[in-house]
Amino acid sequence: MDSMKETKTASEKEKFDLSDLFDRLSKSNFRSRFFLTPKDKEYVIEKGLKTIQKHAEEFVAKRLAPANIPNDGKQTPMRGHPVFLAQHATACCCRKCFFKWHHIPAGRELTREEQHYVVSVLMTWIEKQMNRQ
């Protein structure tokens, strides 16, 4: 796992205090039931955190950041990529959940800083999962 430490990305670079968020998420029966599977962890190791972060940035820009999302609430699959799991685990899966948990309103495009925040949340969750025994 030493290579994981060398490639830390968004959660190390950004200055967001996520401790309260992760404490609240841990108390949610729904949010706390998400975990990376061994296959997901293999994928993260194979691709590296920088690539996973790039995927997160692309998913957020396309599926969460727009002001109007035609299929909001259904745009994030429940499996198929570690970032999708992270989105559900951290309530970054749709604008309704995002507003409820992160207090950033729907109906307007996310700013660049808000997108960085989301990616930081997602990468922090993924890194926590990767370090979990």
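Predicted model: local features only at pLDDT ≥ 70, side-chain atom pairs only at ≥ 80, totals over all residues.
Let me start inside the fold, with helix α6, whose buried residues pack against α3, α4 (38-47), α5 and α8.

Staying with α6, which spans 82-89, the buried residues are P82, V83, F84, L85, A86, Q87, H88 and A89. That is 8 of the 8 residues of the helix, so α6 is largely enclosed by the rest of the structure.

Now let me step back to the chain as a whole. The protein chain has 8 helices and 0 strands, and buried residues make up 47% of its 133 residues. If we take the contacts between residues at least 6 apart in sequence, 73% of them join residues that are at least 24 apart. The accessible surface comes to about 7,800 Å², and carbon and sulfur atoms account for 50% of that area.

One of the partners of α6 is α3, and here the buried residues are L21, F22 and L25. These three cover an arc of only 95° around the axis, which puts them on the same side of α3. What covers them includes α6, α7 (95-102) and α8.

The largest pocket has a volume of about 170 Å³, and its lining is made up of F22, L25, S26, R31, S32, F34, F35, A89, W125, K128, Q129 and R132. The elements that give two or more residues to this lining are α3 (19-26) and α8 (112-131). By class, the lining has 6 nonpolar, 3 polar and 3 charged residues. Notice that F22 and L25, which line the pocket, are also among the buried residues of α3, and that A89, another lining residue, is among the buried residues of α6.

Next, the loops, beginning with the one between α5 (49-63) and α6, where we find P66. At 24% relative accessibility, P66 counts as partly exposed. The C-alpha atoms of P66 and E109 are separated by 4.7 Å, although the two residues are 43 apart along the chain. Leaving aside residues up to four places away in sequence, P66 touches V60, A61, R95, R108 and E109.

Two of those names return when we turn to Q115, which sits in helix α8. Q115 is buried, with a relative accessible area of 19%, and since the cut-off for buried is under 20%, I would read that label with the number beside it. Again leaving aside residues up to four places away, Q115 touches V60, A61, A65 and L110.

Finally, a point about the backbone. Most residues other than glycine have a negative phi. Which residue just after α6 takes a positive phi? That residue is A91, with a phi of about 60°, and its place is in the loop between α6 and α7. At 0% relative accessibility, A91 counts as buried. H103 also has a positive phi, of about 65°, although it is not a glycine, and H103 is found in the loop between α7 and α8. Is H103 buried or exposed? With a relative accessible area of 57%, H103 is exposed, whereas A91 is buried.

Key. Residues numbered from 1 in each chain as written. Heavy atoms only, no water. 1 Å grid on protein atoms, 1.4 Å probe; cavity = no way out; pocket = protein on both sides within 12 Å on 5 of 7 lines; lining within 4 Å. Points joined across faces, edges and corners; volume = space filled by probe spheres on them. Helix = DSSP H or I, 4+ residues; strand = E, 2+ residues; numbered from the N terminus. Nonpolar A, V, L, I, M, F, W, Y, C, P; charged D, E, K, R; others polar. Buried < 20%, exposed > 50% of the residue type's maximum accessible area, 1.4 Å probe, protein only. Contact = heavy atoms within 4.5 Å. Areas by Shrake-Rupley, 256 points an atom, 1.4 Å probe, with all protein chains shown as cover. Arc of directions from axis to C-beta.
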